[in-house]
Amino acid sequence: MGRTIGILLIILGVAMFIWTGFSYTRREKVVDAGPVHISADKEHSVNWPPYAGAVLVIGGIALVALSKRTA
């Protein structure tokens, strides 16, 4: 089980290192007065530092290495 989690952490860490974030668009109501509805698209972004991916890769490698020793 530890080896599987370690491999997933490595894959996730590499992906986080390559793509440092993503953005999405959300429609929000600006005016809602009776029959009049006005909405606006707002773009939100989610970012993380590149070293977060490196930390996950190092943790995944450690889990894979430790699971090989005990198995």
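Visitor: Let's start with Trp19. Is Trp19 buried or exposed?
Guide: Trp19 is exposed, because its relative accessible area is 56%, and the cut-off for exposed is over 50%. Keep in mind that this is a predicted model.

Visitor: Where is Trp19 found?
Guide: In the loop between helix H1 (2-18) and S1.

Visitor: And how far is Trp19 from Asn47 in space?
Guide: The distance is 9.1 Å, C-alpha to C-alpha. In sequence, Trp19 and Asn47 are 28 residues apart.

Visitor: Step back a bit. How many helices and strands are there in the protein chain?
Guide: Two helices and two strands. Read along the sequence, the pattern is α-β-β-α.

Visitor: What radius of gyration does the protein chain have?
Guide: The protein chain has 21 Å. A compact globule of 71 residues would be near 11 Å.

Visitor: What does the C-alpha trace span along its principal axes?
Guide: About 70 × 25 × 10 Å.

Visitor: How much of the protein chain counts as buried?
Guide: Of the 71 residues, 11%. The accessible surface comes to about 5600 Å². Carbon and sulfur atoms hold 66% of that surface.

Visitor: And contacts? What share comes from residues 24 or more positions apart?
Guide: 58%, taken over contacts with a separation of 6 or more.

Visitor: New topic: charges. How many salt bridges does the count come to?
Guide: Two. In one of them, the side chains of Arg27 and Asp41 meet at 3.2 Å, N to O. That pair links distant parts of the chain, with Arg27 in strand S1 and Asp41 in strand S2, 14 residues apart.

Visitor: Why does Arg27 count as exposed?
Guide: Because Arg27 has 59% relative accessibility, and exposed means over 50%.

Visitor: Which side chain does Lys29 meet in a salt bridge?
Guide: The side chain of Asp32, at 3.7 Å, N to O.

Visitor: Now the greasy side. Which residues make the nonpolar surface patch?
Guide: Val30, Val31, Val36 and Ile38. The patch is about 310 Å².

Visitor: Which strands supply at least two residues each of that patch?
Guide: Strand S1 (21-33) and strand S2 (36-47).

Visitor: Pick out Val31. Where is Val31 found, and what is its relative accessible area?
Guide: Val31 is found in strand S1. Its relative accessible area is 31%, so Val31 is partly exposed. Residues in a patch need over 30%.

Visitor: Buried or exposed?
Guide: Ser67 is buried, because its relative accessible area is 16% and the buried limit is under 20%.

Visitor: What does the side chain of Ser67 reach?
Guide: The backbone oxygen of Val64, at 3.0 Å.

Visitor: And which residues does Ser67 touch, not counting those up to four places away in sequence?
Guide: Gly2 and Arg3.

Definitions and conventions. Residues numbered from 1 in each chain as written. Predicted model: local features only at pLDDT ≥ 70, side-chain atom pairs only at ≥ 80, totals over all residues. Heavy atoms only, no water. Patch = residues over 30% accessible without salt bridge, like charges linked within 9 Å, V, L, I, M, F, W, Y side chains within 5 Å. Areas by Shrake-Rupley, 256 points an atom, 1.4 Å probe, with all protein chains shown as cover. Salt bridge = Lys/Arg side-chain N within 4 Å of Asp/Glu carboxyl O. Helix = DSSP H or I, 4+ residues; strand = E, 2+ residues; numbered from the N terminus. Buried < 20%, exposed > 50% of the residue type's maximum accessible area, 1.4 Å probe, protein only. Polar contact = N/O pair within 3.5 Å; in protein donor to acceptor, adjacent residues only side chain to side chain. Contact = heavy atoms within 4.5 Å. Rg over C-alpha atoms; globule rule 2.2 N^0.38 Å.
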